[in-house]
Amino acid sequence: MKTVILVALGGAAGSLLRYGCQRLFNQTFPAGTLAVNLAGCFLIGILWALAVQKNMAKDMQLLLMTGFCGGFTTFSAFSQESLQLASSGRWLTMALYIVCSVAGGLLATAAGYKLIN
């Protein structure tokens, strides 16, 4: 039961922060979602390195990695927004968004990991 509560608390916090970023920054381009995905990838890289090198407690991993990062990063929203851009005929914007999200996410995760490792 404790693990469920930790994941739920982290997920709620991450989801609320993501919602705020989307409301604040998503205008003509889903910049809030992109920023959240990149920041979340960077953060999970840092947390991953800390979990491996510093033996982060399993409870903290559940709270921060599974809960917070899982609620904060939004690849489901990424997919929906990409398809929404396509359905409105904004193919170049969609392609830019996909490339920035995927390549940037991979680079941000690696950077977060390398920062600690």
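## Threonine 33, a polar side chain inside

Threonine 33 is buried, at a relative accessible area of 0%. This is a predicted model, and in it threonine 33 belongs to helix H2. Its side chain has polar partners: a polar contact of 2.9 Å goes to the side chain of glutamine 22, and another of 3.1 Å goes to the side chain of glutamate 81.

Which residues touch threonine 33 once neighbours within four places in sequence are left aside? They are Gln22, Asn26, Thr74, Ala77, Phe78, Glu81 and Tyr97. Gln22 turns up again as one of the buried residues of H1, and Tyr97 is among the buried residues of H5.

## The chain as a whole

Zooming out, the secondary structure comes to 5 helices and 0 strands, so from the N terminus on the elements simply read α-α-α-α-α. Along the principal axes, the C-alpha atoms fill a box of roughly 45 × 30 × 20 Å.

The chain has 117 residues, and 37% of them count as buried. It exposes about 6800 Å², with carbon and sulfur atoms supplying 73% of that area. As for contacts, take those between residues at least 6 apart in sequence: 75% of them join residues at least 24 apart.

H1 runs over residues 2–25, which makes 24 residues. From its first C-alpha to its last it reaches 35 Å, close to the 34 Å expected at 1.5 Å a residue. Its buried residues are Leu6, Gly10, Gly11, Gly14, Cys21 and Gln22. The cover over them includes helix H2 (31–53), helix H3 (58–72) and helix H4 (75–87).

H5 covers residues 91–116.

## Aromatic pairs

A search of the whole structure turns up 5 aromatic pairs. One of the pairs is phenylalanine 29 with tyrosine 97, in an edge-to-face arrangement: 5.5 Å centre to centre, with 80° between the planes. Phenylalanine 29 sits in the loop between H1 and H2 while tyrosine 97 is in H5, so this pair ties together parts that are 68 residues apart in sequence.

Are the two partners buried or exposed? Tyrosine 97 counts as buried because its relative accessibility is 0%. Phenylalanine 29, at 21%, counts as partly exposed, because buried would require a value under 20%. Ring pairs also link Phe29, Phe75, Phe78 and Tyr97 into a cluster.

## A positive phi at asparagine 55

What is the phi of asparagine 55? The angle is near 50°, a positive value in a residue other than glycine. Most residues other than glycine have a negative phi. Asparagine 55 lies in the loop between H2 and H3. With a relative accessible area of 64%, asparagine 55 is exposed, because the cut-off for that class is over 50%.

Key: Residues numbered from 1 in each chain as written. Predicted model: local features only at pLDDT ≥ 70, side-chain atom pairs only at ≥ 80, totals over all residues. Heavy atoms only, no water. Helix = DSSP H or I, 4+ residues; strand = E, 2+ residues; numbered from the N terminus. Expected span 1.5 Å × (residues − 1). Buried < 20%, exposed > 50% of the residue type's maximum accessible area, 1.4 Å probe, protein only. Contact = heavy atoms within 4.5 Å. Areas by Shrake-Rupley, 256 points an atom, 1.4 Å probe, with all protein chains shown as cover. Polar contact = N/O pair within 3.5 Å; in protein donor to acceptor, adjacent residues only side chain to side chain. Phe/Tyr/Trp six-rings, centres within 6.5 Å; stacked < 30°, edge-to-face > 60°.
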